[in-house]
Amino acid sequence: MDTPERPSGMWSPSNPAPRPGPTTRWAGHQRGPAAARAYRQRFLDLAAAGQDMHGEARFVTELAPPPSRVLDAGCGYGRVAGELTRLGHYVVGVDADPDLVALAREDRDTRFLVADLSTLDLRAEQEFHVVLLAGNVVPFLADGTLPAVLERMAAHLTPGGYLVAGFGLAGALPEGAAPVALPDYDRWARAAGLSYIGRWSTWDRQRFTPESTYALSVHRRLGG
């Protein structure tokens, strides 16, 4: 099948000026080129052991078939963004960690930017059909910035576009992450103009229960 042609005028010709935000919990937990390479290697080892690494990309593709415009917010070294590109989406990956973005840019087919999610402004771009916050991005945000991040993510969605966020819950988080209560997350999402659609416990849509240790939440921008 031929790859769909990239729509003209989709991307601005230059990267937006970065607007620094407060230090994230991720930056306080891990930083530097060696740490970034070690982080990537962990996932490469999991893939080599046969673990499925593409649940996030499949979920997004089922929600918004390609060619959709997807913002991978907190993209890390580009694992999910690269797979979304291979599936036929138009993807921008953003992360505040410049060492992870340097690794992500080894993928020449996907656009990656260094940017803080709480101050992100890509409005020179077209809006996105999906904004993705995967891989425990939410609990690794800087303390107190989640409402601003959700507002920024909603601002980058086309009317009717989806915000998809997956993160561990209290008691099931990696070192350095802070638990986020789901009622607070939903309240701040509503304040950002997002409507609750559904919640699962895995990327393959297993049912969410009070005993679940992971929450995959989907909200939609009002007006769609």
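User: How many aromatic pairs does the structure hold?

Analyst: Three. Keep in mind that this is a predicted model.

User: How do you describe a pair like that?

Analyst: A pair of aromatic rings is described by two things, the distance of the centres and the angle of the planes.

User: OK, what about phenylalanine 59 and tryptophan 200, how do their rings sit?

Analyst: The ring centres of phenylalanine 59 and tryptophan 200 are 5.7 Å apart, and the planes are at 70°, so the pair is edge-to-face. The cut-off for that label is an angle over 60 degrees.

User: Where in the chain are those two?

Analyst: In distant parts of the chain. Phenylalanine 59 belongs to helix α3, residues 55-63, while tryptophan 200 belongs to strand β6, residues 194-200. They are 141 residues apart.

User: Is phenylalanine 59 buried or exposed?

Analyst: Phenylalanine 59 is buried, because its relative accessibility is 1% and buried means under 20%.

User: And how are the rings of phenylalanine 59 and tryptophan 203 arranged?

Analyst: Here the centres are 5.6 Å apart with the planes at 80°, so phenylalanine 59 and tryptophan 203 also make an edge-to-face pair. This pair, too, links distant parts of the chain: tryptophan 203 lies in the loop between β6 and β7, 144 residues from phenylalanine 59 in helix α3. Tryptophan 203 is buried, as is phenylalanine 59.

User: Which residues form the aromatic cluster, then?

Analyst: Phe59, Trp200 and Trp203 form one cluster.

User: What sits over the ring of tryptophan 200?

Analyst: The charged end of arginine 205, at 5.0 Å from the ring centre.

User: Switching to helices. How do α6 and α7 cross?

Analyst: Helix α6 covers residues 146-155 and helix α7 covers residues 182-191. Their axes come within 9 Å and cross at roughly 45°. Helices α6 and α7 are therefore oblique to each other.

User: Left-handed or right-handed?

Analyst: The crossing of α6 and α7 is right-handed.

User: Which residues make the contact?

Analyst: On the α6 side, Leu146, Pro147 and Leu150. On the α7 side, Tyr185, Trp188 and Ala189.

User: Last one, leucine 100. Where is that?

Analyst: Leucine 100 is in helix α5, residues 98-104.

User: Buried or exposed?

Analyst: Leucine 100 is buried, because its relative accessible area is 2% and the cut-off for buried is under 20%.

User: How far is leucine 100 from cysteine 75?

Analyst: Their C-alpha atoms are separated by 8.4 Å. Along the chain, leucine 100 and cysteine 75 are 25 residues apart.

Conventions
Residues numbered from 1 in each chain as written. Predicted model: local features only at pLDDT ≥ 70, side-chain atom pairs only at ≥ 80, totals over all residues. Heavy atoms only, no water. Phe/Tyr/Trp six-rings, centres within 6.5 Å; stacked < 30°, edge-to-face > 60°. Helix = DSSP H or I, 4+ residues; strand = E, 2+ residues; numbered from the N terminus. Buried < 20%, exposed > 50% of the residue type's maximum accessible area, 1.4 Å probe, protein only. Lys NZ or Arg CZ within 6 Å of the ring centre and 35° of its normal. Axes fitted to C-alpha atoms, helices over the stretch in contact; angles between N-to-C directions. Parallel < 35°, antiparallel > 145°, perpendicular 65-115°, else oblique. Left-handed = near helix turned anticlockwise from the far one by under 90°. Contact = heavy atoms within 4.5 Å.
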